[in-house]
Each structure stands twice: as structure tokens, then as C-alpha cells.
Amino acid sequence: MTVTQLGGTPPVTSKRPLTGSNRPRTDRSSSPAARARRIVGSLLLVAFALALLVPFFWMVASSFKDSNEVFSVPVRWLPDTWHWEHYVELWTETGMATWLRNTIILATVVTFLQVLTGSFAAYGFAKVRFPGRDVLFLVYLGTIAVPWQSYMIPQYIMLAQAKLTNTLLALIVLQAFGAFGVFLMKQFFETIPEELSEAARLDGLSEYSIWARIMLPLSVPALAALALLTFVNTWNDYLGPLLYLRSRENWTVQLGLKNFVANNLTADYSMLFTGLTISVIPIAVIFLLGQRFFIEGIATSGLKG
Amino acid sequence: MTSATAGPAGTRTPRRRSKLALRNTLLGWSFILPNFLGFAIITLVPVVTLFYVSLTDFNIFGKGDFIGFGNFERLVADPLFQRSFVNTLYYSALHVPLTIVVSLGLALLLNTKLRGVSFFRTAAFFPYITSIVAIALVWNLLFSPTYGPINEVLRFLGVAEPPGWLTSQDWAMPAIVIISTWRDMGYYMILFLAGLQAVPRELYEAARVDGANVMQRFWNVTLPGLRPTMFLVTVLLTIASFKIFDLIIVLSPGGAAAPNAATVVLSQFIYQRGFIESKFGYASSGAVALFFLCIIATIIQFLINKRRSV
């Protein structure tokens, strides 16, 4: 076979007619203008990638530096000596372990409730026809245009009267029933053909079993997208905890890290970077594992939580 | 219900239909109710009560008395409110166009067959899923006037006196716009990418056959094809800009008192007057202003979009 002519492409492509697979490529590179465009495009990509990733690199590298080294002039991108001990001290000298535990509990419970009630309600909106349904859905949608900051005060007054301030429960209630989950799942359920539910109904399945045994198994991508987005949003939330959680042992990671700077006047910056790195790692792992769902979820819904 | 002329089938159908409607209503509500209960209590009720609270002198200690439009009269004359209102518009005027340009540019780049596109898509999205606290703290230090890496790079490039960024009156807001654009561009890029994929390929081919160059193809094929996406992005970005809060509050915790009152925004005004100074009633009048700002902007954009699509 003419492997050299194919320029190292895997032999699978050679099944296609050679001219067909080769011609666009030769066309593209033969035009100098197109070639220049591609080079400029690649350079732009590299520049953007650097701008995006350098802050993260600096954050992780600084967590290993000596405190004075963080701000040395000129900038040192890598530490002189690697201070791994920050990662031990962080657990013993700050409340990081408690904050992490709180955040994990909060994010898990919120995600579970949001996925459960969101997909349940979405079935009602997508598959059951009843008077007033569309108006009700418009109300759900309309609240997306209303910023939380504009009604956080009445909400706080209510939850304070229910004696829920300074509890994780307040934050669970606050985030578990968003319109976003309903919206995302409804969009997805509507793409599932009605014939499937009809067939199940003829087999004597109730609507609830159709939801549980037909809809949910077919909606794994959408459920994953919703679960991931909700988990990440709850993990990263700063304002809710800022308003509701007063005592240190109830703080979440974000609130702890923020106050870590505010209270620590000597400003042990390398320790701060250690905390930040630890707080970002779980999200980075979740994102890398499920990025397909993240991106599809956002592209189909066009809305964030 | 039963008309004289209707046969037995006719009398049964409406009744069966209404029975079916009742059954469906109960069924539908049984699905929606678990979520709706939480949604109504946590979102709907507070949105409605907001207007009442804004007409009272509610404070943190309990009940408030009805005082009519007193809060709003004070609000209009409050220098902090005026400042935060202007700053919110200033921030949005910078952030919305900049983010649209950058994320659309990124989407166009990623829509090509360049090498490394999928890696880059992941990288571009990464800031968006990182917490505001981490982003704000890291960028705060990156922007540090004397020791920060950014100014060091600028000095290296020959800028003799680089700006003080977050410590400067004039540069604090642009610095915040840079940070938030950096964070948001991956998200809006995904929306634009989805939009670009919906533009029919044949249109590009036709334009190319007609001899249209790259710029002409962009203006006459890409942009019109992206109109629905552009509308969605503009609406989402505008609302998100009007309510900007967490980034600013982490970067300038002193809020109104700090030297950078240059960056005080509407949400921060509400937080300051409500949660720091415990004037819930008064702060709610500011919240009503934010509410209407977002609603009016959304309605205007819907109207413009409707007129253009006719």
C-alpha cells in the first residue's frame, strides 16, 4: 500500500478512494492564504490556551513554594525546593477537613434531590397533558430571568423565621429545587418518542413506572449532565454559605478559604494556594471524567443553574 | 351537559373526557408537586414578598411597619445606590460585548479542523467550573501591582508604569471585567459552537462559489445564521452582568468602605444595606431596582429580536 503517500494516516482511511481522501488536504495547503490562516489560527489557539491555563499552573506551583517565594521578583514559575508539607499542615492547622466534609454532604444531598425532583417534575411537564401545565412551566422559566440577588432578602427572612439560618439544611433547601433541572430534563424527555410510553402503557405499566423504568434509563446522559452541573455549582457556591453559615464548624470549603485569607493577617499565601488547589482538584477530576455530559448539557439547555 | 339530540355515545364522551382531564391533572400535579413545593416556597413566595418588604422598614429583629414609598425616595438620593447603579451599567457595557467577541472568536477557531481543538475545548471550559473564590484569590495576586506576575510581564514588555489594577480607581473595574471574561468565555463558546453547527454547510459553499471572501462569508452567512444563539447569549450575559456579585465581593470585601468603591455594584449594595447594616426593608428597595433592571432588559431584547425576525 502507498502508506507514504497517505502521510502516516492509519490504514483504515485507505479504504476510501485515495483521491477522495487526499484532495481536500492538498487543496488546503496549496493555497498560501489558507495556510497562513491556519498558522495564525494555531498560534491564537496556543496563546489562548496559555492565558487559560497559566493561572492554574501558578496556583498549583505556588502551593509548593516557600511563603516568601510566592511573590519573588522576578517571578519564579517553579519552586526552588518543593514544600510538600503544606499539604499535611493544611489538615492539621486549619478547618479544611470539616469544611470539605460539609461541602461533600451539601453537594451530594442537593444533587440527589435536584435530579430526583427535577426529573420527576419534568415528566409531568413533558408527558402528561393537563390544563394549566404550560402556564405553570412559563412561571418556572420566568424565574430564570429573575436574579437570586433580588429576592435573597425575603428568602432569608423566611428561613430565619423557620430557624434554619446557620444550618446546612437551609442551603440544601435553597438549592435543591431549582427550575434548571426541570427545564433540562423536560427538554430531554421530549426527544424520547411517545410510542415507547404507549407500548409500556399497553403492558399495564403505571405512569410512575414508565418514569422509573423507561424514561430514566433512556436519559442517562441528561441525568449525568444535570447531576454534574448541580454538584459543581453547589460545590463552588459562595454566596449561599456567606449569607447563611455563621459558625466556623458549618462552613463550606469556599467560605473557609475566603475567611482563611481574611483572618490570616500574616497571609501565609503558599498555604492559601494549597487550600485552593485541594478545593479545585475534586471539581477538575469530576469535570475531566464527565466533560462530554457537561458540554452536551450546556449546549442543549443553554442555561446554567 | 347532556343535550337532547346527543346519543348515548355523545353523553358519555364529554363526561369521560372531563374525568380524563381530572385524572391527568391529578397525575400531572403528582409528578410536579415534590419539586413545585420547594420551588414555590424558596423562589416564588420570596419573589412576590420582595415587593411588600420593600415598602416596609423591616430590620433583622423582626416585623416591619408599612411605610409606603419612603425607601424608594431615600434610595434615589443615596450616593452609594447611584454609584452602584452606574457601576453595574459600566461593568455590563464592558463585559457583554467583550465576552461575545472573545467567545465567538474562540468558537470560530474551534469550529475549524486545527490540531488540538478538543484539548483546547476542555481547557477553555475549565475556568468556568472553577469556584469564584479560587479564581478571585488567584487573580487578585496575579494582578498585585508591585509583585504580581502580570505587571512584571508588562514591565518586561516595556510598560514603564503598569496600572495598579484592583487597587486603582480607574483600573479596578476593567480588571474585574478581564477576570470575569476569562472565566465566562468557555461557557458562551460552547453555546456559540452549538449555534455554528446549526448553520447549513451549503450556504458556505454557495457563498464561496459566488466568490465571497472570509469576511464576507462571516458577515453574510455566519452572523445571520447565529442570530438565535446571539440572542440567547446576549440575554443570558446581560442578566448575569447585572447581577454580578461574588467575584466583586471576594475581590473587594470592604465593599462600600474600601478604597475601591470604584467597583461597588447593585447586588453588593443590597448585601451591604441588608446583611451588613441589617436594613432589610431599605435594601429590598434596591433589590426591586435590580429586579426591574433585569426584567426590562430582557423584555427589550425579546422585542428587538422579534422585530428583527419578522
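Reply: Happy to. Please keep in mind that this is a predicted model. Let's start with chain A, which has 15 helices and zero strands. Of its 305 residues, 40% count as buried. Among the contacts in chain A that join residues at least 6 apart in sequence, 75% link residues at least 24 apart.

The pair to look at is helix α5 (residues 96-127) of chain A and helix α12 (residues 220-236) of chain A. Their axes come within 9 Å and cross at roughly 145°, and the crossing of α5(A) past α12(A) is right-handed. If you display side chains, pick out T103(A), L106(A), A107(A), V110(A), T111(A), Q114(A), V115(A), G118(A) and S119(A) on α5(A). Across from them, α12(A) brings L223(A), L226(A), A227(A), T230(A), F231(A), T234(A) and W235(A). Sorted by class, this contact of α5(A) with α12(A) has nine nonpolar and seven polar residues, and no charged ones.

Now move to L90(A), which is found in helix α4 (residues 86-93) of chain A. L90(A) counts as buried because it has 20 C-beta neighbours inside 10 Å, and 20 or more is the cut-off for that label. Leaving out neighbours within four places in sequence, L90(A) is in contact with M96(A), M271(A), T274(A), G275(A) and I278(A). By contrast, S72(A) is 18 residues from L90(A) in sequence, and their C-alpha atoms are 23 Å apart in space.

One loop in chain A is worth a stop too. N166(A) is found between α7 (148-161) and α8 (168-176) of chain A. Its phi is near 65°, a positive value in a residue other than glycine. Most residues other than glycine have a negative phi. N166(A) has 13 C-beta neighbours inside 10 Å, so it counts as partly exposed.

W165(B) is buried, because 23 other C-beta atoms lie within 10 Å.

The largest nonpolar core has 156 residues, and I176(B) and M189(B) have the most contacts inside it. Helix α7 (residues 172-198) of chain B gives the most to this core, with 14 residues. Domain 1 and domain 2 of chain B both give residues to the core, so it lies between them.

Finally, bring both chains back into view. Their contact takes 71 residues from chain B and 69 residues from chain A. On the side of chain B that touches chain A, the largest share, 19 residues, comes from helix α1 (residues 8-53) of chain B. By class, that side of chain B has 51 nonpolar, 16 polar and four charged residues.

Conventions. Residues are numbered from 1 along each chain as its sequence is written. Chains are lettered from A and ligands numbered from 1 in the order in which they are written. This is a predicted model: local features need pLDDT of at least 70, side-chain atom pairs count only at pLDDT 80 or more; totals for chains, interfaces and linings use all residues. Axes are lines fitted to C-alpha atoms, for helices over the stretch in contact, and angles run from 0 to 180 degrees between N-to-C directions. Helices (H or I, at least four residues) and strands (E, at least two) are DSSP runs, numbered from the N terminus. A crossing is left-handed if the near helix is turned anticlockwise from the far one by less than a right angle, and right-handed if clockwise. Two residues are in contact if their C-beta atoms, placed from the backbone, lie within 7 Å. Ala, Val, Leu, Ile, Met, Phe, Trp, Tyr, Cys and Pro count as nonpolar, Asp, Glu, Lys and Arg as charged, and the others, Gly among them, as polar. A nonpolar core is a set of buried Ala, Val, Leu, Ile, Met, Phe, Trp, Tyr and Cys residues joined through C-beta atoms within 7 Å. A residue is buried if 20 or more other C-beta atoms lie within 10 Å of its own, exposed if 12 or fewer, and partly exposed in between; C-beta atoms are placed from the backbone. Domain bounds come from an automatic or database domain assignment.
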